[in-house]
Amino acid sequence: MNNRQIIKRFQRPLILLILMLILTILQPRIFPTASNFKSILLAISIYGVMICGAIYPVLLGGIDLSVGAVAALSGACTVLTIVNGGYSNASVIEGVTIGLCAGVMVGLAHGIIITNFRVPPFLITLASMNIVYGITQLLTNNLVISCLKPKSFTFIGGGRLLGIPFPIYIFLSMALVSYLILNKTIFGRSVYCVGGNPVASVLSGISSKKITVASYIFSGFTAALAGIILASMNQQAIAKAAQGYENDVLTAIVVGGTSLMGGEGSIQGSVFGALLVGLLNNGLRLMGVPSIYHTVIKGAIIIAAVAFDIYSRNKNSGLVKFKKSAARIGKA
Amino acid sequence: MRQETIRRLFSLALLFTLIIIFGTTSKYFLTPNNIFTLLREAAVTGILAVGVTFVIITAGIDLSTGALVALIAMICARLLYSTTLSVPVILLIGAIIGILAGSLNGFLVAKLKLPDFIATLSTQGIFRGLTLVFAIREHGVISNKVIQNPAFIILGGHINGLYLATIAFIIIAVIGQFILRETRFGIYTYAVGANLKSANLSGINSDRVKIMVYTISGLCCAIGAFFLAAKMQSATPEMGIGLEFDVIAAVVVGGCSFSGGRGDVFGSVIGTLFMAVLTNGLYKYNFPAAYQIIIKGLVIVVMVIFDSMYQKFMEARTTKAKKLEDMYAQGNGPETGVAQ
Amino acid sequence: MNNDILLSARDIEKSFSGVKVLKKVNLEIRRGEVHALIGENGAGKSTLVKILTGAYQKDAGIIRYNDTEVELNSRHDAIKLGISVIYQELSLIPTLTVTQNIFLGREKDTAGILNKKSMRKKVIEIMDYYGLSVDPDAIVETLSIAQRQIVEILKALTFESSLIIMDEPTASLSSKEAESLFNIINNLKQKNVSILYISHRLEEIYRLADRITILRDGKNIAVLEKGQTNPTDVIRFMIGKELADTSGLGRMRRNDKNVVLKVNKLSCKGVFADISFEVHEGEVLGIGGLVGSGRTEVLHSIYGAKKYDSGEILFNGKPLPSSIIKNIRAGIAMIPEDRRNQGLIPLLDITRNIAAPNYDRLSGRNIWVKAKEELAFCKEAILQLDIRPNNPEIQVMNLSGGNQQKVVVGKWLMRNLKLLLVDEPTAGIDIGVKEEIYNIIEDLASKGVAVIVVSSDLKELLRVSHRIIVLRNGRIIKEFNDGFVSQEDVLKAASGITREEAEQFEQ
């Protein structure tokens, strides 16, 4: 490992630390409290769960913009099943299963379309975001459907274990699962291969179609899981539930060093990205920056992060070119 | 028959099928009143579609149009409300903002080399946020003031039933088509989209072409914003949400391909009419709004898949010598196709 | 005195990162002549062409054009002088019309508005003058490759080019289309346009060229006038060996062991046809032929990476499925031609690249990667192949070409191979590493692996092959399976002059 890699490894915790330090200095009484940290973690746990799956399409060089809409759909499916099932515990299991299945189905559809036709993934998932949103509106009749019981449902998003909100456990365990899949399984290895060079992967006997379909399915699954947590936390289902979450997900992934060109990135990075976005949201709120500026700031952050990624990639490949031309000029 | 003609006939067939379906099943559909309303509804989408056509021909995309329309409309409303500037000056300011916002998109895509959808998705967020910033507030609450300036409201008026917005749409479409087909810049737009490398080798400044097309799209957003604000006689932070979607749907129905180099403004006009007829028909049948969203999404998915199959078919027909990469790329979806 | 000389380049030198590619090369082209430039791959032809078109700058030497000394610092300079190139991969915009393409970047317009009529008129004028024909309003993507070439030529002519450089123009043309291209070239010649014609196909060169310049290893070997020589001489000049010289000959031999692969009447429309051959256990079969002769495609069809129309492929007597994954499991491997784009995943480290096709062995049916075994496996490969640097965590994009190729080879070494398909094993690799790769191939063969090697490098082909088949235009034109074979023999077969034809010519 060379110096640059060491710096790279530790720069992320350092950035978080510096940011926390700044916020502590600026807001010494509110920021560094256990309850504030808990609320930060709670706030990021929803889109944190989404990230755990949404990173897979990005690693393949694609993208899934439908995660927010899928979350709303799955939340609605779950809540409706529970309400229709008379709030029984069995209906909770049934509802959660149906919610998760809905997410998996949407992911499957994405995967099939994207692997069989030469279509831009962003456009397909953007279109399906609208379709799914429309379906959720139909399901909920465009109403807020509240679901205050049973406890087994409300616990998912609102419960506490050892004093820590339950969604944080879900987020951390999903991050762990996703980390293990990506780093310890053959599937994870294949994701990096296909993202890095699809042609070479196919010639090495990796089924890029299967990998792609599975990735979009997993992305749908985690989005659905996040949707269930959100519905349980708010004790209601609404078509607009997770609108705009795809932006936070995308920001966190990109800020976390995952390249939109595919083949490069990590769960650790994305979790860092999620923490950063969470801290930033929290900080902006504590500093009294009106929420209307938040979208502006986040947009600017995405642009900066992607521009930086592309700049550093070009610089790397540009360096080779530069050396060659320097050699050429040197001889003249 | 030329490929373009076949594709054009296909779009027309889609449009007329829809007109026949609605025309025969609803007696209100083909009344002059409804047609004028339909054309008015089509106008704003259509004006935006003219700009987006340029962008998509260069193999790019603009997702920020809806938000930019809201931003410009809001700024105009704000200026009308809180200053005494004359309407032409305000329109000029709006147009300049459109041009600046468009060239910002162009700069991000051409100079910073951001993937176009990321760049315009981010600026969408920025424009939408700025719209809130400029919103008129009373006691801290956003209040959507009615625009009362008669000179501005004229833009929402009509001549013998034909709305000014429709007339503007027609004029802009004709200008757009003229630029695309009859000028140097138009040729360069196609060249950049169809074969970037060759375009550069031919001495075309492709970065400048890209910045220009996004700028055109921004200007079209400004014009669209004027007519939308005049029609609604107000500007709200939520206006134009999802509008970019109608525009993209219209453009793909009209024959533009996301791989670039194909399509033209007249195609997009047909696509716009298709989307307007669809919306109008669904509305007439009292379908819930949710169906509209679903159907528009499906239109995009189906048309994009159709486009991909059509491209494959064209390639198989015209070039025997395909690159090896293409052979494997079939079905290896991860290439975004735009992010190159 | 030099009135009939259009271009003269004297003592041109050029080196890349210290390696001299052109050593005092001379080239002289007369007005209205077809001048052929030939030489083996790597002889320096394309570098010379790039200098003439301003894509590269020469290190030393003088270029005179129309009797004045000129500096070619950019493509634009060359075009302004009247030098145009028609490249193998055509550079037209597929969705624009012929006229729009011809005038791309220098349209006739008033205030940005195109003057379509005048451009169209100009195109028709030029077509009439030079005897070309293509619909000026046709969309380019609807044209055949031959027609597109005409558009490229028209483009060059509207620049008022007096020198048109054609690089392997017939590579993707049918023989009928090639015939009409030759007519066009003759027409151009009569109108006093000079052509610099670069091709491996000697028969074409013999038909067309007034003079031939031969390059070898970056040096001028000879300039021959038409009728001054015969094809055998030309080939001798290209290869640089006397016929009596037996060094570098390949000794062909048959082998009676089991047939591993039997290809029977394999055909793919427009690419290759009627390909039949066998490969035995422990045998290295070389496939020679020019680029575009269908060699690579045959390999890909065997591997399951490309569909074919008819024929059968038998592997150990059983039909081979067209699935890469199944074929890899059965013991087949391929080392593709384009290392960077088909062989490697540049961002990943050596371990991940080498392990990519081997997880079925490393982990069996388990979903988990056994990281220790993965690393041990990779270290073994690094050791065995002497990959440098030997750090398994280095991204392969940071390795030299030779070591990258070793990584590609390393992917397959531990797989109990039965059949190895190798495409251009040493393209762009240092000589030292080349020898190592040959040793690996020989080593595998001695262990009973059947190997098929496709190569454009004749020395290499003769060095490693036990038998050689030569492809031309998608068909097997010649098989060498006995006695000694020279580069000359292979080149004659590949470039379209068989020994019999050559002898006929000499008489």
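Why does Ile287(C) count as buried? With 27 C-beta neighbours inside 10 Å, Ile287(C) counts as buried, a class that requires 20 or more other C-beta atoms within 10 Å of the residue's own, against 12 or fewer for exposed and partly exposed in between, with C-beta atoms placed from the backbone. This is a predicted model, in which local features need pLDDT of at least 70, side-chain atom pairs count only at pLDDT 80 or more, and totals for chains, interfaces and linings use all residues. Residues are numbered from 1 along each chain as its sequence is written, while chains are lettered from A and ligands numbered from 1 in the order in which they are written.

**Surroundings of Ile287(C)**
- Ile287(C) belongs to strand S16 (residues 284-289) of chain C; strands (E, at least two residues) and helices (H or I, at least four) are DSSP runs numbered from the N terminus.
- Apart from its neighbours within four places in sequence, Ile287(C) is in contact with Arg295(C), Ile452(C), Val453(C), Val454(C), Ile469(C) and Leu471(C), contact being defined as C-beta atoms, placed from the backbone, within 7 Å.
- Ile452(C) is 165 residues from Ile287(C) in sequence, and their C-alpha atoms are 7.2 Å apart in space.

**Helix pair in chain A**
- The axes of helix H3 (residues 67-84) and helix H5 (residues 121-140) of chain A come within 8 Å and cross at roughly 20°; the axes are lines fitted to C-alpha atoms over the stretch in contact, and angles run from 0 to 180 degrees between N-to-C directions.
- H3(A) is therefore roughly parallel to H5(A), the term for angles under 35 degrees.
- By class, their contact has eleven nonpolar, two polar and no charged residues; Ala, Val, Leu, Ile, Met, Phe, Trp, Tyr, Cys and Pro count as nonpolar, Asp, Glu, Lys and Arg as charged, and the others, Gly among them, as polar.

**Interface of chains A and B**
- In this interface, 46 residues of chain B are in contact with 49 residues of chain A.
- H13(B) gives the largest share of the chain B side, 14 residues.
- That side of chain B has 29 nonpolar, twelve polar and five charged residues.

**Domains of chain C**
- An automatic or database domain assignment gives domain 1 (5-239), domain 2 (257-331 + 417-485) and domain 3 (343-415) of chain C.
- The C-alpha centres of domain 2 and domain 3 of chain C lie 24 Å apart.
- Their contact takes twelve residues from domain 2 and nine residues from domain 3.
- On the domain 2 side, H16(C) provides the largest share, four residues.

Terms used:
Angles under 35 degrees count as roughly parallel, over 145 as roughly antiparallel, 65 to 115 as roughly perpendicular and the rest as oblique. Two residues are in contact if their C-beta atoms, placed from the backbone, lie within 7 Å.
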